[in-house]
Amino acid sequence: MRLDAIAAELRPRTAWEATDLGAAMVRHGFGPVYRAWLALALPLFVALHLLCWGHWHLIPWLLWWFKPLLDRPPLYVLSHALFGALPDRRRFWRELPGLLRRQT
């Protein structure tokens, strides 16, 4: 990563400023961020619906429990976008198992 290509000013921020910066970064990189999230979320949603067939009340609880895993792909894309280097699909899929393994 190139530190000279950083896309935001590095400084301490209040919680509101950090939230606004994150929302602006997601708006700017909308496609890659949501493709990365859906790459993990859709198979998980389908698996949970098939496993919990008839017990629909369990699905929201299980999704809440898996939320830390669902946060990893968008954060990976945004962290690379901050330094001006969006990961391509091949690199994302190669790094995804490592991202998930570190957080489980």
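Predicted model: local features only at pLDDT ≥ 70, side-chain atom pairs only at ≥ 80, totals over all residues.
Along its principal axes, the C-alpha trace extends over about 55 × 35 × 25 Å. Switching to a surface view shows an accessible surface of about 7800 Å², with 66% of that area belonging to carbon and sulfur atoms. Of the 104 residues, 25% are buried, and among contacts between residues at least 6 apart in sequence, 58% join residues that are at least 24 apart.

Next, colour the charged side chains: there are 13 positive and 7 negative ones, and the centres of these two sets lie 8 Å apart. A search of the whole structure for salt bridges finds two, and both can be visited in turn.

For one of them, select arginine 11 and glutamate 17, whose closest N and O atoms are 3.3 Å apart. Arginine 11 has a relative accessible area of 36% and is therefore partly exposed, while glutamate 17, at 33% relative accessibility, also counts as partly exposed.

For the other, move to helix H4, which covers residues 67-82, and select lysine 67 and aspartate 71, which sit four residues apart, or about one turn of the helix. Their side chains meet in a salt bridge with an N to O distance of 3.1 Å. Lysine 67 counts as partly exposed because its relative accessibility is 42%, and aspartate 71 falls into that class at 30%.

Now select Val46, Leu50, Trp53 and Trp56, which together make a nonpolar surface patch of about 500 Å². Within this group, tryptophan 56 is placed in the loop between helix H2 (30-51) and helix H3 (58-65). Is tryptophan 56 buried, partly exposed or exposed? Its relative accessibility is 41%, so tryptophan 56 counts as partly exposed, the limits of that class being 20% and 50%.

Finish at helix H5, residues 89-103, by selecting arginine 89, which lies in that helix. With 60% relative accessibility, arginine 89 is classed as exposed, because the cut-off for that class is over 50%.

Methods
Residues numbered from 1 in each chain as written. Heavy atoms only, no water. Buried < 20%, exposed > 50% of the residue type's maximum accessible area, 1.4 Å probe, protein only. Contact = heavy atoms within 4.5 Å. Areas by Shrake-Rupley, 256 points an atom, 1.4 Å probe, with all protein chains shown as cover. Lys, Arg positive; Asp, Glu negative; His and termini not counted. Charge placed at Lys NZ, Arg CZ, Asp CG, Glu CD. Helix = DSSP H or I, 4+ residues; strand = E, 2+ residues; numbered from the N terminus. Patch = residues over 30% accessible without salt bridge, like charges linked within 9 Å, V, L, I, M, F, W, Y side chains within 5 Å. Salt bridge = Lys/Arg side-chain N within 4 Å of Asp/Glu carboxyl O.
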